[in-house]
Amino acid sequence: MNHFIKTFRESFLYHLIYTFGKDRYSATQRDKYNSFVLAVRENLIAQWIKTQQEYYYRDVKRAYYLSLEFLLGRLLRNISINLDLPDDYRAALDELGITYEEIVEFEWDAGLGNGGLGRLAACFLDSMATLGYPGYGYGIRYEYGIFTQKIVNGYQVEFPENWLRYGNPWELARPELIYSVDFYGRVNTVTGQNGRYRMEWTDTDQVMAMAYDYPIPGYQCNTVSTLRLWSAKSTREFNLDYFNSGDYVGAIEDKTNSETISKVLYPDDHTMAGKELRLKQQYFFVSATLRDIIRRYKKFHQDFSDFSGKVAVQLNDTHPAIAIAELMRIFVDEESLGWDEAWSITESTFSYTNHTVLPEAQEIWSEALMGHLLPRHLQIIQEIDRRFLIPIEKNFPGDHDKKKSLSIITENEERQIHMARLAMIGSHSVNGVSELHTEILKKKIFNDFYQLYPERFLNITNGITPRRWLLEANPGLASLITEAIGSKWIKDLGALRGLESLVDDTEFRRRFRAVKKANKASLSRILMAEHGLNYFPDFFLDCHIKRFHEYKRQLLTLFHAITLYNRIIEGGKDDDFIPRAILFSGKAAPGYTFCKLIIKLIQCVSDTIQANPLAKNNLQILFVPNYGVTPAQQIIPSADLSEQISTAGYEASGTGNMKFILNGAVTIGTFDGSNIEILNQVGADNFFLFGMNTAEITELRRTYTPRLFYEQNSALRKILNQIAEGHFCPDDPGLFAPIVQALLHEDRYFVLADYASYTSCQERVSAAYRNEELWTRMALCNIARSGRFSSDRTVQEYAKKIWKITAVPV
């Protein structure tokens, strides 16, 4: 036994006995998992501390990534791989009669995100650590993350995801790092010691923000970065006066209300209380984060003259934009900087990433709510707006439309604050996340700002970490690639180009197909064991997995499934028909009634197919509930076809498409988001393109009459009639009428307009798949040409173009 295995085994047993008070016979699976994680954590701590010491010693510039979401997934296997120790850990456990797999499979996904935004943030943390960049992630330690989705009678039902119910052995509480965060109150004008007026925010309600740290080790390097999450704590446990008078509920009311802030990810904001809580969350985490950044900066700096030279703050979408007003408040009110100096530093410190073109996601708050919750910040935003508009008024006299399109504060039915505009005005850099998305921002969504600040706008296309999405998720394929071209690709994904020479190698193609077949068999076992779904692994696997939104057009994929179903039952199936499993997975927001109805329709169509003996032997519709990082890692390596079919112009980037091509799936997609760049990289022969582009969508929108497409296409007409007449839900025939009516009368996302092009493209997909060697070649070309879509490349671009930081070897 080597020394490391012996030491690790001793550490595991020590924690089992002395931390949890168990022996090998009484220990539960949770005890074993927690002991294992604590033993692994010991392998990280020394380098974690050393990393921070190195940054202080060199007084380096650091990047701070502010995000309301960090969708980490399971950490144990990922960290083991990054430490290059899975085999040693496996050997240590084997001697104790415990399997490594049972330990890693016990871990819950950390419920800290909703979708692509949070997963991107997690990929960036992995890349920053692997590349050695001095970076930190900051967010909220939600007690209840994104809800657990269950399907009950075909409907999505949401259940709380209390992922912290039993604690989390990865996190380290930092009770010494606790900051007060103020809300409400009033603002007074006072005279300072220098005779200058300043504003004083008083009579506030306070909530404490306490830090919890997660280690983020880079791949086979000595850097261990930090994800710091804030948890809300009451300033006092209970009110003794209430308690003594017998009001026991009132005694703990303050504590309960205060700690609600970090209770749940994305509270429903359809009510005023929900809106207030959401704004509270945003301010809570940026206030604590900025205080922590300033604390760190002040250790070696007496004034703020070099603040932006040592601090780069990246706003991951619009949610953290209130940080701009908060830093100004700290500089002006607490540090007594003049406005112009404070603004210059603030502007040089912040950079802003926009992630969506959807207007409902641009974070617009009523001025009344802002004034009630954050009265001083409202004053600061008003002053930023006033000063910003002075040159606008001068350069565009009398142009009220120009002023309205640029002003942070606008007057409609009520005065509103546009946080995306604050982010653009208060940042030195504004970036989109794909080439098309950035062009849409510049030419349409934020054109007036682009005209003012063309030098601020740039594109940095998103990426994914190959450590999680290939090395961990698909070990069979990773081993095959490493055997063929070496392991350089793990840290330099561009090295996958070395596979180009093997694309025409018959034996290599056979081995690739064997890996795919094994992955499908594994997925089949998982789906049956965890969900009772009977996936036939010999079927072509067509995957549409992502959060549910109308613009992502799950309906279009479903309509193609119904098209195939109709063809089968009408006897129109060819002898060379490809048996197909169409797999959906994704969550609809709890208040998104329309998308929840789509999920019900998917279930009903699936049931109808299963009830037909002829159809069920050729076609499956599977809905995998509770989509997240772990299900994605199980599904993606098995996929043959990746559905990336959003309405052109609506998907900012997409990263699911990148995960699929890295694992050898071929894309069917629109000319949208990063699909375009994938198409350019893999080549038109290895990508199934269909549908209208953004210019065609814009042109059609002027005169679009969806009913015409219904009337002119008999297959489409039959589908809508079947849905409308209750064919898929005979017990409640009118259940899906809202879907049919929405499509026939408006069809905001052009499902009907793109149907014919989509189904025709799917015919090309089937024809290509019938030629086994051709399809394998296409799949391998996708893998070989996916190198551009590494988050390592993305983070390097941020570091060079925006943050201006350099790697620091530890």
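Predicted model: local features only at pLDDT ≥ 70, side-chain atom pairs only at ≥ 80, totals over all residues.
Reader: How many residues does helix H21 have, and what span should they cover?

Author: The expected span of a helix is 1.5 Å times one less than its number of residues. Helix H21 (residues 506–531) has 26 residues and should therefore span 38 Å; its end C-alpha atoms are 37 Å apart, which agrees.

Reader: Which residue caps the N-terminal end of H21?

Author: The term to know is a polar contact: a pair of N or O atoms within 3.5 Å, where within protein one must be able to donate a hydrogen and the other to accept it, and residues adjacent in sequence count only if both atoms are side-chain atoms. The cap of H21 is Asp 505, with a side-chain oxygen 3.0 Å from the backbone nitrogen of Glu 507.

Reader: Which residues in H21 are buried?

Author: Buried means under 20% relative accessible area, exposed over 50%, and partly exposed in between (1.4 Å probe, protein chains only). An α-helix has 3.6 residues a turn, so residues three or four places apart point the same way. The buried residues of H21 include Phe 508, Phe 512, Val 515, Asn 519, Leu 523 and Leu 527.

Reader: Where is Thr 346, and is Thr 346 buried or exposed?

Author: Thr 346 belongs to helix H12 (residues 339–349) and is buried, because its relative accessibility is 0%. Its side chain reaches the backbone oxygen of Ala 342 at 2.8 Å. Contact means heavy atoms within 4.5 Å. Not counting residues up to four places away in sequence, Thr 346 touches Ile 324, Leu 327, Met 328, Phe 331 and Gly 426.

Reader: At what angle do helices H22 and H30 pack?

Author: Axes are lines fitted to C-alpha atoms, for helices over the stretch in contact, and angles run from 0 to 180 degrees between N-to-C directions. Helix H22 (residues 554–569) and helix H30 (residues 714–724) pack at about 100°, with their axes 10 Å apart. H22 is therefore roughly perpendicular to H30; angles under 35 degrees count as roughly parallel, over 145 as roughly antiparallel, 65 to 115 as roughly perpendicular and the rest as oblique. Among the residues that meet are Phe 559 and Ile 562 in H22, and Leu 716 and Ile 719 in H30.

Reader: What is the strand order in the open sheet of 6 strands?

Author: Two strands pair if DSSP finds at least two bridges between them. The order is S19-S18-S17-S20-S21-S22, with parallel pairing. S19 (619–623) and S22 (688–689) stand at the edges with a single partner strand each, so one side of each is left without a neighbour in the sheet. Strand S18 (residues 580–585) pairs with S19 over 5 bridges, and Ile 582 stands opposite Ile 621 in S19. Helix H23 (residues 593–610) packs on the sheet, touching S18 and S19, and its direction makes about 145° with that of S19.

Conventions: Residues numbered from 1 in each chain as written. Heavy atoms only, no water. Helix = DSSP H or I, 4+ residues; strand = E, 2+ residues; numbered from the N terminus.
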